[in-house]
Amino acid sequence: MGVDLGDLLERENIEIKELSGSWIAVDAFNTLYQFLSIIRQKDGTPLKDGSGRTTSHLSGILYRMTNLLEAGAKVAFVFDGEPPRFKRGTLDQRAETRSRAQEMWERAREEGLDGFKYAQAATRLGDDMVADSKRLLEAMGIPVIQAPSEGEAQAAFMAIRGDVDLVASQDYDALLFGAPQVVRNMAVTGKRKLPGKNVYVDVQPEVIDLARELSRLGIDREQLVDIGILCGTDYNVGLRRVGPKTALKLIREHGTLERVLKARGETIEDAVEIRELFLHPPTDNDYEIEMKRPDADKVMAFLCDERDFSQERVEKAVKRLEEAVKVGQSTLDKWF
DNA sequence: CCAGGTCA
DNA sequence: TGACCTGGG
């Protein structure tokens, strides 16, 4: 979800190798949802351990993060805290959509039909899954940061301060929170399943550079936030029949959100407070980002003994992880 | 999504 | 070596 600015922003395709040496703040909830919705069997069932606990997100974390670290990147996971009060409507609506999708999935299964897309739409990220994710990340030596409110805001804050180079998220919200660079499609294989059909296409990682986009569009960050609010964010419904293109035109014409609304004789509830939230969101500055040596025994014990992962596969991944972190910590690394 | 096998 | 497929938990 999030703000729909895809049509407005130009992205630059990159190779995963180009992330070598960069610190990446990962929007944890966004990434975990991605794993949970995609890592499924053909009938839509997620991966589960012997007791029926979902493990798709753990598989995603283990293999993707190992690959990223092996490519020379460094990552920190940033988890959401308390949602802003303006998000209530969106959260309720998502819960409603999920439960409807759950019903559709069950019906599809009863009738022996393909219910994959319903299963995806029914994806839930439970507290247990969040706890399991943090446990795995910590065992892998990857920093876990708890945001006071929105994870994307905290990640953007860390990027603005220069503690990380990029924010990883499929959403564009981090740009409104001021992230200088956002990386999307941060997968390694470059294959993505098309929604609906059982067809795979090449999808490359891509970077959006905030300063470059603002300059190209001839607006400032506050105006980009205004554009987002005009076409709708997680915190407000946008104006009717106003998408990113129209919103840009309106802001170019009138300059500010207030003037656009006045000129059109329309209102957006809490618009000014929502802009303030994007410009000055709750963040913490007492985080620590430092890769620790992975605890191989902990990773193995958790994934293999408790979550029924294959000993052989996890061992292989952990070996690669240990090697990657060793190389990453060596100061000689940058000379090669 | 990713790993790991197959096959040309 | 790379396109393709299956199973992972």
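Colleague: Let's start with one residue: is Glu213 buried or exposed?

Modeller: Glu213 is buried, at a relative accessible area of 2%. Here buried means under 20% relative accessible area, exposed means over 50%, and partly exposed is in between, using a 1.4 Å probe and protein chains only. A word on the ground rules: this is a predicted model, where local features need pLDDT of at least 70, side-chain atom pairs count only at pLDDT 80 or more, and totals for chains, interfaces and linings use all residues. Residues are numbered from 1 along each chain as its sequence is written, chains are lettered from A and ligands numbered from 1 in the order in which they are written, and side-chain values use heavy atoms, with hydrogens and water left out.

Colleague: Thanks! Which residue forms a salt bridge with Glu213?

Modeller: That's Arg212, with the closest N and O atoms 3.4 Å apart. A salt bridge here is a side-chain nitrogen of Lys or Arg within 4 Å of a carboxyl oxygen of Asp or Glu. Arg212 is partly exposed, with a relative accessible area of 37%.

Colleague: How many salt bridges are there by this rule?

Modeller: The count comes to 20. One of them joins Asp234 and Arg94, at 3.2 Å from N to O. That pair links distant parts of the chain, 140 residues apart: Asp234 is in the loop between helix H9 (221-231) and helix H10 (244-254), while Arg94 is in helix H3 (residues 88-110). Helices (H or I, at least four residues) and strands (E, at least two) are DSSP runs, numbered from the N terminus.

Colleague: And how accessible is Asp234?

Modeller: Asp234 counts as buried at 8% relative accessibility, whereas Arg94 is partly exposed at 24%.

Colleague: Nice. What does Arg275 pair with?

Modeller: Arg275 forms a salt bridge with Asp226, and their closest N and O atoms are 3.1 Å apart. This pair also links distant parts of the chain, with Arg275 in helix H12 (residues 271-279) and Asp226 in helix H9, 49 residues apart. Arg275 is buried at 8% relative accessibility, and Asp226 is buried at 1%. Elsewhere, salt bridges that share partners join Glu10, Arg212, Glu213 and Arg216 into one network.

Colleague: Last one, the overall fold: how many helices and strands does chain A have?

Modeller: Chain A has 14 helices and nine strands. Its C-alpha trace spans about 65 × 60 × 35 Å along the principal axes. Of the 336 residues of chain A, 50% count as buried.
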